[in-house]
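Subject: Structure handover

Hi,

Here is the structure you will be working with. Please open it next to this email and follow along.

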Amino acid sequence: TTADKYSFEYFYNIQGYLESKNLYINGSKLPNFQTIYTYTNNLLTKCIMTAVSSGNLKVLESDLMYDNSINLKTWIYTFPDAFEGYMFYTGLNFGSRPSNPLKQVITKIYTPSTGAILDTWTTNYGGYKVDVNGYLTF
């Protein structure tokens with residue numbers, strides 16, 4: 001058997017944030033999937049993934065909330081759809097990193113053919129400890 005070939009195309013806004021991503025499978029000329037990212041106060045607050053090659057049907061939607069009482073010097077990327085890059089978050093440049101830690105991420109998975117919600121994942125974060133220099137500690 002042969003494996004599928006995945007190619008990713010990334011687009012950044014003028015502020016240096018990842019604003020959209022296209023996924024091409026097996027040399028497709030039209031993106032099979034596209035994710036659009038929305039930012040509020042320089043923090044990723046929403047991502048919506050659609051199946052472009054199937055008529056822009058919604059596949060995934062995530063809402064991200066942050067703990068604005070904590071400011072960090074460096075933090076990890078928090079793209080709920082970034083299945084391709086999770087192993088490389090510290091090495092790849094996806095644009096500017098968030099300055100606040102996550103408080104909650106709610107991700108809805110849709111049945112593309114009907115638009116019905118198939119599943120909802122809610123992840124809560126907390127208990128952060130930050131040193132006097134603004135770095136996350138254990």
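Y12 stands opposite L18 in β2. The strands β1 and β2 run antiparallel and are joined by seven bridges. A strand here is a DSSP run of E with at least two residues; helices are runs of H or I with at least four, and both are numbered from the N terminus. Two strands pair if DSSP finds at least two bridges between them.

Before you go on, note that this is a predicted model: local features need pLDDT of at least 70, side-chain atom pairs count only at pLDDT 80 or more, and totals for chains, interfaces and linings use all residues. Residues are numbered from 1 along each chain as its sequence is written, and side-chain values use heavy atoms, with hydrogens and water left out.

The sheet

Seven strands form an open sheet. Their order is β1-β2-β3-β4-β5-β6-β7, with antiparallel pairing. β1 (6-12) and β7 (117-124) stand at the edges with a single partner strand each, so one side of each has no neighbour in the sheet. From one strand to the next, the twist averages 15 degrees. (Axes are lines fitted to C-alpha atoms, for helices over the stretch in contact; angles run from 0 to 180 degrees between N-to-C directions.)

The salt bridges

A search of the whole structure finds three salt bridges. The term means a side-chain nitrogen of Lys or Arg within 4 Å of a carboxyl oxygen of Asp or Glu.

- K46 meets E61 at 2.9 Å, N to O. K46 is in strand β4 (residues 43-51) and E61 in strand β5 (residues 57-66), 15 residues apart.
- K46 also meets D63, at 2.6 Å, N to O. K46 lies in β4 and D63 in β5, so this pair ties together parts 17 residues apart in sequence.
- K58 meets E61 at 3.2 Å, N to O.

Together, K46, K58, E61 and D63 are linked in a network of salt bridges.

Which of these residues are buried, and which partly exposed? Buried means under 20% relative accessible area, exposed over 50%, and partly exposed in between (1.4 Å probe, protein chains only). E61 is buried at 11%. K46 is partly exposed at 22%. D63 is partly exposed at 23%, and K58 is partly exposed at 32%.

The aromatic pairs

The structure holds two aromatic pairs. Rings of Phe, Tyr and Trp (its six-membered ring) pair if their centres lie within 6.5 Å; planes under 30 degrees apart count as stacked, over 60 as edge-to-face and the rest as tilted.

F8 and Y10 are stacked, 6.3 Å centre to centre with 20 degrees between the planes. F8 is partly exposed at 29%, and Y10 is partly exposed at 27%.

Y17 and Y39 are tilted, 4.9 Å centre to centre with 45 degrees between the planes. Y17 lies in the loop between β1 and β2 and Y39 in strand β3, so the pair ties together parts 22 residues apart in sequence. Y17 is buried at 10%, whereas Y39 is partly exposed at 22%.

The loop residue N26

N26 sits in the loop between β2 (18-25) and β3 (33-40). N26 is partly exposed at 47%. Leaving aside residues up to four places away in sequence, N26 touches D4 and K5.

Best wishes

Conventions:
Contact = heavy atoms within 4.5 Å.
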